[in-house]
Amino acid sequence: MAKRRTLAGSTLRVYVALLKAGRPLGVREVQRIVGFKSPSTAMYHLNRLVDMGYAVKSGDGYEASVKSEEGVLSLFEWVGSLIVPRVLFYA
């Protein structure tokens, strides 16, 4: 049985950082923004995002690519530069 890869935990935090930046980020920038102790940890999560199709590597760094609404991200909505839960609008 194939292992299902989901966007969660630190990989999700890296993806949100890429989305918020709105521009390509380097490995060390991601390390500082997310708070990783090592650039290799940031590189691991960036490569995971590339493998999953959530990011692309460009000449300037890594950039988020917006996928169709899947998984946990379908539960959130952009309001300006903030990501808020969709259920907030129903409250």
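From the N terminus on, the elements of the protein chain run α-α-α-β-β-β-β. That is 3 helices and 4 strands. Both are DSSP runs numbered from the N terminus: helices are H or I with at least four residues, strands are E with at least two.

A word on the source. This is a predicted model, where local features need pLDDT of at least 70 and side-chain atom pairs count only at pLDDT 80 or more, while totals for chains, interfaces and linings use all residues. Residues are numbered from 1 along each chain as its sequence is written, and side-chain values use heavy atoms, with hydrogens and water left out.

The whole chain next. Of the 91 residues in the protein chain, 29% are buried. Buried means under 20% relative accessible area, exposed over 50%, partly exposed in between, with a 1.4 Å probe and protein chains only.

Now helix 1. Helix 1 has 13 residues and reaches 19 Å from its first C-alpha to its last. The expected figure is 18 Å, at 1.5 Å a residue; that span is 1.5 Å times one less than the number of residues. Its buried residues are Thr11, Leu12, Val14, Tyr15, Ala17, Leu18 and Leu19. After helix 1 comes Gly22, with a positive phi near 70 degrees.

How do its neighbours sit? Two packed helices are described by the angle between their axes and the distance between the axes. The axes here are lines fitted to C-alpha atoms, for helices over the stretch in contact, with angles from 0 to 180 degrees between N-to-C directions.

Take helix 2. The axes of helix 1 and helix 2 come within 10 Å and cross at roughly 110 degrees. The two are therefore roughly perpendicular, a label for angles of 65 to 115 degrees; under 35 is roughly parallel, over 145 roughly antiparallel, the rest oblique. Arg13, Val14, Ala17 and Leu18 of helix 1 meet Val30, Ile33 and Val34 of helix 2. Contact means heavy atoms within 4.5 Å.

Then helix 3, residues 39-52. Its axis and that of helix 1 come within 9 Å and cross at roughly 80 degrees. That makes helix 1 roughly perpendicular to helix 3. Ser10, Thr11, Val14, Tyr15 and Leu18 in helix 1 meet His45, Leu46, Arg48 and Leu49 in helix 3.

Last, Gln31. Its place is in helix 2, residues 27-34. Is Gln31 buried or exposed? Gln31 is buried, with a relative accessible area of 12%. Leaving aside neighbours within four places in sequence, Gln31 is in contact with Phe36, Lys37, Ser38, Pro39 and Ala42.
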